[in-house]
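Subject: Structure for your work, with notes on what was found

Dear colleague,

I am handing over the structure below, and I would be glad if you could read the notes that follow with it open beside you.

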Amino acid sequence: MRLLKITAAALFLAAACVAAWPGTTTSALAQEREASPAPELNGAGPWFNSAPLTLAGLQGKVVLVEFWARECINCIHVLPHTRELHDRYAADGLVVIGVHTPEYEEEQDPVALKAAIRQYKIDWPVVADNDYRLWNAYGNRYWPALYLIDRNGKLVYSHFGEGNYEQVERRVRALLGKA
């Protein structure tokens, strides 16, 4: 009987962990936000594929800020969907900015980050956030994480983990006036 109770407890704990793992309950991790000023993009670097960007310089654009790490498998799974959004909507005013915030110390190497950017064919701006300045400014807690900023510099939507790609695209289209 004791073995049965331990097994049941272990199964319950495993189910709870799966339910809480980023990417497995994506609908609960996507949220419309009350529009608030987006945090500025300064304090991190170096920048790759672009000179440093500012929100003032992006005024009038819709901005997708994606927090990722080069060794995060969930982040790597999301990259093709980010690429689709970039390729499909950049001409309409969408600017994608990758914020590489390392999970592990070895991910702080800018040479390795540059190689990962080449490997994953990332051609949008990427900023290295080794000191977690942007991560903290956004109050972020997950890899991967997407934040949408409207044309007026207001943070209006966030999504954490994998999935809900159609919902994210619908929100991008709405912000671009293409809904």
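How many residues lie between β6 and β7 in the hairpin that they form? There are four residues between the two strands, and in the turn G153 has a positive phi of about 80°. Please keep in mind throughout that this is a predicted model.

**The strands around β6**

Strand β6, which covers residues 145–149, is mostly covered, five of its five residues being buried. From this strand A145, Y147 and I149 point one way, while L146 and L148 point the other way, and all of them are buried. That arrangement can be read against a general rule, namely that side chains in a regular strand alternate between the two faces of the sheet.

β6 has pairing partners that include β3 and β7. With β3 the strand runs antiparallel and is joined by five bridges, and within this pairing V63 has I149 of β6 as its bridge partner. With β7 the pairing is again in the antiparallel sense and extends over five bridges, and here L148 stands opposite Y157 of β7.

Within β7, which spans residues 154–160, you will find S158. Its relative accessibility is 0%, and because buried means under 20%, S158 counts as buried. Apart from neighbours within four places in sequence, S158 is in contact with L146 and Y147, as well as with L29, A30, Q31 and R33.

**Two threonines in loops**

Is T101 buried or exposed? T101, which lies in the loop between β4 (94–100) and α4 (110–119), is buried, because its relative accessible area is 0%. The side chain of T101 is joined to that of D129 by a polar contact of 3.2 Å. If residues up to four places away in sequence are not counted, T101 touches D129 together with F67, W68, A69, Y132, W135 and W143.

T54 is placed in another loop, the one between β2 (47–48) and β3 (62–68), and its relative accessible area of 38% makes this residue partly exposed. Leaving aside neighbours within four places in sequence, the contacts of T54 are with E40 and L41. The C-alpha atoms of T54 and P39 are separated by 9.9 Å, the two residues being 15 residues apart along the chain.

**Backbone geometry to check**

- The peptide bond from G45 to P46 is cis, with omega near 15°, and P46 is found in the loop between β1 (30–37) and β2.
- W143 and P144 are likewise joined by a cis peptide bond, for which omega is about -20°, and P144 is in the loop between α5 (133–137) and β6.
- Y132 is a residue other than glycine with a positive phi, near 60°; Y132 is placed in the loop between β5 (126–128) and α5, where its relative accessible area of 23% makes it partly exposed.
- N164 is not a glycine either, yet its phi is positive at about 55°; N164 lies in the loop between β7 and α6 (165–176) and is buried, with a relative accessible area of 18%.

How do the axes of α3 and α6 cross, and within what distance do they come? The axis of helix α3 (residues 73–89) and that of α6 come within 11 Å and cross at roughly 25°. Angles under 35 degrees count as roughly parallel, and the two helices are therefore roughly parallel to each other. The crossing in which α3 passes α6 is right-handed. On the α3 side the contact is made by H77, V78, H81, L85, R88 and Y89, and on the α6 side by Y165, V168, E169, V172, R173 and L176.

With best wishes

Notes:
Residues numbered from 1 in each chain as written. Predicted model: local features only at pLDDT ≥ 70, side-chain atom pairs only at ≥ 80, totals over all residues. Heavy atoms only, no water. Buried < 20%, exposed > 50% of the residue type's maximum accessible area, 1.4 Å probe, protein only. Contact = heavy atoms within 4.5 Å. Pairing = 2+ DSSP bridges. Polar contact = N/O pair within 3.5 Å; in protein donor to acceptor, adjacent residues only side chain to side chain. Axes fitted to C-alpha atoms, helices over the stretch in contact; angles between N-to-C directions. Parallel < 35°, antiparallel > 145°, perpendicular 65-115°, else oblique. Left-handed = near helix turned anticlockwise from the far one by under 90°.
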